[in-house]
Amino acid sequence: MFDSTIQDFRGTSHVEKIVRVDWRSKWQEIARLNDDAVDGIIFLKRGRRPTSAIAFAQVKCGPGYRKDAQIRPNHIGVHVGVKYIEDHLPRWRSLTFPVVMIYVDPSSNPKEPEAWWTDLKSPESYTNSNQNIILLPKY
C-alpha cells in the first residue's frame, strides 16, 4: 500500500532544503490541518538581509504525478486532475503574493531529487489540450 504522507514529507523536506540552503531564505510549512491550497510560505532574503518578498508554494512529489508529453518537450506535466485545478485556482489567484507549484521527482535521484517550479497564476501553466495537468518549464 502506498503512503502519500511519506511522499508529501519527502517533497516538502526537499523544498525546505532548497529554500534554506540554496536560496539562503526561509521556509514556513503550513500544517495539513490549515492547508488551504498552499503547503508553505517562502520568505526570500537577499544575502543575509530579509526582504519583503514572499511567495506561497504548493508542493507535489513523486513519479505518479509526472505526465510528460511529446507535444510539450520543454515542459513537465504534473497530473492533478481537472477538479483539483478548478477547486484551487480561485484560491491561488486570490492570494496577493506569487503562488508557485514546486514538483519534486525523487525517482531522478533519491538523495538529491530534481525539482521544477511554475507560477500558478500564469495562464502558461495550463493547457486546453489536457486540463488535468499543470505545466512546469524544464529549464
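Student: In this predicted model, how many aromatic pairs does the count come to?

Tutor: The model is a predicted one, and rings are taken to pair if their centres lie within 6.5 Å. By this rule the count of aromatic pairs comes to three.

Student: Is the pair of F56 and F97 stacked, edge-to-face or tilted, and why?

Tutor: A pair of aromatic rings is described by the distance of the centres and the angle of the planes. Planes under 30 degrees apart count as stacked and those over 60 as edge-to-face, with the rest in the remaining class. For F56 and F97 the centres are 6.1 Å apart and the planes stand at 55 degrees, so the pair is tilted.

Student: How many residues apart in sequence are the parts that F56 and F97 tie together?

Tutor: F56 belongs to strand β3 (residues 49–61), while F97 sits in the loop between α2 (82–94) and β5 (99–105). The pair therefore ties together parts whose separation in sequence is 41 residues.

Student: Is F97 buried, partly exposed or exposed?

Tutor: Buried means under 20% relative accessible area and exposed means over 50%, with partly exposed in between. F56, at 14%, is buried, whereas F97 has a relative accessibility of 31% and therefore counts as partly exposed.

Student: Which residue in β7 does I76 stand opposite?

Tutor: Strand β4 (residues 75–79) pairs with β7 in the antiparallel sense, over five bridges. Within β7 (residues 133–137), five of its five residues are buried, with I134 and L136 together on one of its two covered faces. The residue that I76 stands opposite in β7 is L136.

Terms used: Residues are numbered from 1 along each chain as its sequence is written. This is a predicted model: local features need pLDDT of at least 70, side-chain atom pairs count only at pLDDT 80 or more; totals for chains, interfaces and linings use all residues. Side-chain values use heavy atoms; hydrogens and water are left out. Buried means under 20% relative accessible area, exposed over 50%, partly exposed in between (1.4 Å probe, protein chains only). Helices (H or I, at least four residues) and strands (E, at least two) are DSSP runs, numbered from the N terminus. Two strands pair if DSSP finds at least two bridges between them. Rings of Phe, Tyr and Trp (its six-membered ring) pair if their centres lie within 6.5 Å; planes under 30 degrees apart count as stacked, over 60 as edge-to-face and the rest as tilted.
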